Amino acid sequence: MTTQMRGFGINEPAYEQAIHAFSGGFMHLGRACGLLTGAALAAGFVAKERFDDNETRSGAALHAAIQLARSHPEFTGSVNCCEITEAPLTNLSGRLRYLQQGKGRMCGRLHMKWAPQAQELIDEALTEYSHRRQVGKCANCAVQTLRELESSAGMRPGDSVLVAGLAGGVGLLGNVCGALSAGVFAMSAGHHLSKEGKKRDSRVRGSIEELFGSNYRGAATDLRLAFNGEFGSEMCIDIMGRRFQDAADHSTFVEHGGCENVTHFVADWVIRHSPNK
């Protein structure tokens with residue numbers, strides 16, 4: 001995410017640190033690769049800068065994420081972190097083996113290959129969307145969830161569009177539920193935004209937090225477990241029973257009340273467990 005943001009001249013250190021919760025395939029679970037998720041979130045920031053209204057920003061960011069999701073496996077071999085690294089990251093011993101076996105360097109090489117292509121895809125997708133803007137609403141499960149959490153997380157009004165690309169399981173792939181991802185991002189962002197004005201964490205400290213876990217991950221894990229208990233899975237395709245065909249299919253479904261159960265569950269849970277409550 002940071003690489004893409006810098007490429008477009010955007011500097012949002014608190015949000016860039018918040019994305020750590022998605023590393024290792026969403027909280028180290030081996031789900032959607034952080035290279036893809038980070039690029040999808042960066043597309044949300046670029047869309048917010050390029051377009052004037054939130055409907056267009058949301059639609060454009062999701063359009064870019066769909067293009068990223070289609071292209072990503074060409075560079076990595078898979079969408080899922082666990083299949084790319086072949087390393088379990090849910091415990092400390094697995095993360096240490098990941099480092100000892102040189103998997104970190106492998107991910108670095110993939111990043112170098114992916115970064116310029118991702119930037120080009122984001123730019124082309126947003127330009128394309130500007131020429132054929134969708135008329136009407138662009139309802140989005142991740143955006144609706146974060147919209148309910150902006151104020152409690154200390155985010156700026158309108159920042160909900162930043163997570164548009166996470167909808168339907170990151171660019172409609174059916175991976176981790178967009179509402180759940182938005183809830184985790186809100187908690188993580190709130191944690192880092194509360195430290196704004198303080199010196200940004202060093203790379204060493206960031207690496208240590210990544211290795212051992214950080215103080216917001218416990219609450220995020222509690223949310224994920226509660227979500228799984230309620231819906232039986234954290235994966236969009238398991239909850240929905242299908243993948244969305246395209247952005248219009250997803251928008252129509254959400255606009256007609258689909259996903260309300262997951263968006264309300266996540267938003268209510270995060271608000272009830274907010275440290276400011």
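A: Phe 26 counts as buried because its relative accessibility is 2%, where buried means under 20% relative accessible area, exposed over 50% and partly exposed in between, computed with a 1.4 Å probe on protein chains only. This is a predicted model, in which local features need pLDDT of at least 70, side-chain atom pairs count only at pLDDT 80 or more, and totals for chains, interfaces and linings use all residues. Residues are numbered from 1 along each chain as its sequence is written, and side-chain values use heavy atoms, with hydrogens and water left out.

Phe 26 lies in the loop between α2 (13–18) and α3; helices here are DSSP runs of H or I with at least four residues, numbered from the N terminus. The phi of Phe 26 is near 70°, a positive value in a residue other than glycine. Most residues other than glycine have a negative phi.

Helix α3 (residues 34–50) packs with helix α7 (residues 103–131) at an angle of about 35°, their axes being 10 Å apart. Each axis is a line fitted to C-alpha atoms over the stretch in contact, and angles run from 0 to 180 degrees between N-to-C directions. On the side of α3, the contact (heavy atoms within 4.5 Å) is made by Leu 35, Leu 36, Ala 39, Ala 43, Val 46, Ala 47 and Arg 50. The residues of α7 in this contact include Trp 114, Ile 122 and Asp 123.

Glu 86 is exposed, with a relative accessible area of 64%.

Methods. Helix = DSSP H or I, 4+ residues; strand = E, 2+ residues; numbered from the N terminus.
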